[in-house]
Amino acid sequence: MWASTKKTFIARLGIDEAKTLAPDFVVQEIPAATGEAWSKVTISSIEDLDKLAPIILRCYELEAAKH
């Protein structure tokens, strides 16, 4: 059994906003249990997380605003 080299980052953002914040990545919409639109961003290495700073910060801002 081979492990995939592709990993994903799940963002609680709609597909359009996620694609805008992560333009160099493959972004797919996924259904969320809560009915909200979530997005899955495919990354190939941990170093990609540095490039995803804008989307990570946006997710944090939205979650922080809820509390």
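**A three-stranded antiparallel sheet**

Three strands make up an open sheet in the order β1-β3-β2, with antiparallel pairing. Strands here are DSSP runs of E, at least two residues long, and helices are runs of H or I of at least four, both numbered from the N terminus. Two strands pair if DSSP finds at least two bridges between them. The edges of the sheet are β1 (7-11) and β2 (26-31), each of which pairs on one side only. From one strand to the next, the twist averages 30 degrees. Such angles run from 0 to 180 degrees between N-to-C directions, with axes fitted as lines to C-alpha atoms.

The model is predicted; local features need pLDDT of at least 70, side-chain atom pairs count only at pLDDT 80 or more, and totals for chains, interfaces and linings use all residues. Residues are numbered from 1 along each chain as its sequence is written, and side-chain values use heavy atoms, leaving out hydrogens and water.

Now take the β2 and β3 pair. Strand β3 covers residues 37-43 and runs antiparallel to β2, with 6 bridges joining them. Glutamine 28 faces lysine 40 in β3. Proline 31 has alanine 37 of β3 as its bridge partner. The two strands form a hairpin with 5 residues between them. In that turn, glycine 35 has a positive phi of about 90 degrees.

Proline 23 counts as exposed because its relative accessibility is 59%; the cut-off for exposed is over 50%, with buried under 20% and partly exposed in between (1.4 Å probe, protein chains only). Leucine 52 lies 29 residues from proline 23 along the chain, and their C-alpha atoms are 9.5 Å apart.
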